[in-house]
Amino acid sequence: MGTKVYKNTYTGKELFGYLVGMFGQNMIYQVIAAGLVSVYLGTVLYIPAAAVSVIIFVARIWDAINDPMMGTIVDRTHTKWGKCRPYLIIFPGIIGVMTVLCFMNGIYTNPGASKALIIAWAAASYIIWGMLFTVCDIPLWGITSLMTEDENDRAKIIGLARMAAGVGGIGTVVSFIPDFLKGMFKGKYNAMVDGVNYTQQMANNDTKKAAWIATVVIITVVSTILFEVAGLVTRERVPGDAEDKRGIIDNFKIMWGCLPFRKILISGVLRSPLQLLMILAMPLMLYYYTDNSFNNVGNLDGGQRIMKIGLIGLAVFIPQFAAMAVTPNLVKKYENKAIYNFFTLAGAVPYALIFVAYLLFKGNLLGWAGIVITAVCIGLASASMGGINVMQSIMIADCVDYEEYHKGYRPDGVFFSGQSFLTKLSGGIAALIQGIVYTVVKFSGENLDNINYRLTQGEQFFKIDGGKYAAAMFFLISIPVAVGMLLSAIPMKSYGMTDSEHNRMLAELVSKREAARNGAAVESAEEVQARIEEN
């Protein structure tokens with residue numbers, strides 16, 4: 001039979017195009033996650049923290065329900081382009097338009113503006129955006145199991161995809177670029193708006209909104225073009241079901257009925273607070289290290305503040321990329337479950353130490369000793385998150401093989417909707433936790449407006465009101481996450497599929513597919529494995 005089947009995989013051009021699309025998609029995601037959710041709704045529109053957390057939680061819960069529905073639609077899609085590519089070709093532009101509309105909210109903050117209307121716009125636009133994003137997110141990850149039949153190539157593309165998604169985190173720049181663009185819009189607003197006297201403070205806030213919208217439009221246009229590349233360049237090589245008539249209820253049963261997949265879902269839900277690090281990364285940077293204005297950076301500590309902030313920023317991202325790059329190689333040597341649990345348990349320690357570092361150095365956390373120790377803790381924590389994300393995707397792809405082997409159908413869309421489900425549900429739970437803590441310490445609404453004003457008058461964030469707001473931020477990215485990481489290892493003790501079992505199942509599946517294509521006899525798993533080792 002030769003070795004042709006093991007070359008039935010993506011080309012270099014397809015791999016590059018897919019990674020470009022993944023990068024673009026995650027830039028758009030960060031515009032919403034780091035821009036709209038983490039900063040714009042609370043600190044620009046001054047929507048109360050409790051309202052923001054409820055909006056996010058409700059939206060994420062709906063997304064979590066909606067994801068398996070989209071997975072069902074993907075699995076029932078049969079076109080000449082495949083079942084994932086049509087969505088990657090059609091929807092990026094629509095998502096881009098909706099991204100901009102999310103920020104076109106409360107453009108004028110005058111005394112007659114309705115806070116209820118602003119909150120309603122925020123809720124409706126964010127929920128609609130989430131639904132549209134799901135239409136592409138599931139196919140974008142699901143196509144990784146359709147682009148190749150080779151397990152190592154699949155682990156490679158998933159690892160690189162996680163890295164590309166991480167690099168797409170550059171979209172977090174949306175949080176601080178408006179500070180530098182505000183001058184372009186200063187004085188563009190009249191002192192009277194709709195016949196109502198306009199205070200200088202309100203005019204300044206509208207100037208900030210205009211700078212935000214300009215920033216969002218630029219980043220979103222670039223991101224959307226890049227996102228589109230994935231649909232145009234990739235190809236689907238693994239055949240799906242010829243006719244899939246399973247309904248949504250059937251697919252929910254399939255998801256829960258697959259033991260390994262069920263363990264991944266439970267573990268992911270328990271690990272939900274992990275999302276707090278990325279939700280709070282930019283607000284923490286903005287408030288704690290720059291006193292709510294990146295324009296301050298060059299004027300503080302004789303310019304050393306730039307290096308200190310850079311070190312923290314590198315600690316958030318670089319270790320993630322390193323772990324993502326290394327993990328596919330670890331998969332070749334060690335059991336998947338063992339790698340997953342290592343990242344989970346080992347990651348709990350540095351997360352807990354972040355708050356310990358704050359308590360030890362809170363009087364001088366901006367000094368070099370505090371910066372370095374905090375950066376080391378955040379870096380180790382970030383590495384564990386990167387490794388877990390790669391392992392989760394690899395193991396979900398394995399579960400697709402598991403289901404095809406035992407049940408005879410391949411639920412790529414449904415199972416990768418589970419990954420999207422975990423991301424969104426985790427984000428919702430994390431936002432709810434953040435909203436509760438922010439409401440307790442009153443880092444919200446009109447009081448946040450007052451805090452921002454005091455910062456413009458020269459006060460330091462870590463000293464305002466006894467430092468309780470800074471303490472709340474460091475607590476959120478530390479203790480809840482550490483507890484969640486420890487809990488998430490419990491379900492994976494009995495994962496339900498060893499690597500050797502998966503290798504045997506995959507070998508037989510590959511043999512069946514090639515036999516169907518060539519009309520040849522089906523090899524046993526042992527014969528296929530022997531041929532793999534020979535080559």
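Modeller: Start with the second largest cavity: α1, α2, α15 and α16 (445–456) each give at least two residues to its lining, and α1 has the largest share, five residues. It's a predicted model, where local features need pLDDT of at least 70 and side-chain atom pairs 80 or more, while totals for chains, interfaces and linings use all residues. Residues count from 1 along each chain as its sequence is written, and side-chain values use heavy atoms, without hydrogens and water.

Colleague: What makes that space a cavity, and which residues lie nearest its centre?

Modeller: On a 1 Å grid over the protein atoms alone, a 1.4 Å probe fits there but cannot get out, so the term is cavity; lining residues have an atom within 4 Å of a point. There are 19 lining residues, with S38, G42, A49, Q434 and Y438 nearest the centre. The volume, the space filled by probe spheres set on the points, is about 170 Å³.

Colleague: How does its lining divide by class?

Modeller: Into 11 nonpolar, eight polar and no charged residues. Asp, Glu, Lys and Arg count as charged; Ala, Val, Leu, Ile, Met, Phe, Trp, Tyr, Cys and Pro as nonpolar; the others, Gly among them, as polar.

Colleague: And what about the largest cavity?

Modeller: That one holds about 720 Å³. Its lining has 39 residues, with Y29, R162, Q275, N389 and T423 nearest the centre, and α15 gives the most, nine residues. By class, this lining has 18 nonpolar, 16 polar and five charged residues.

Key: 1 Å grid on protein atoms, 1.4 Å probe; cavity = no way out; pocket = protein on both sides within 12 Å on 5 of 7 lines; lining within 4 Å. Helix = DSSP H or I, 4+ residues; strand = E, 2+ residues; numbered from the N terminus.
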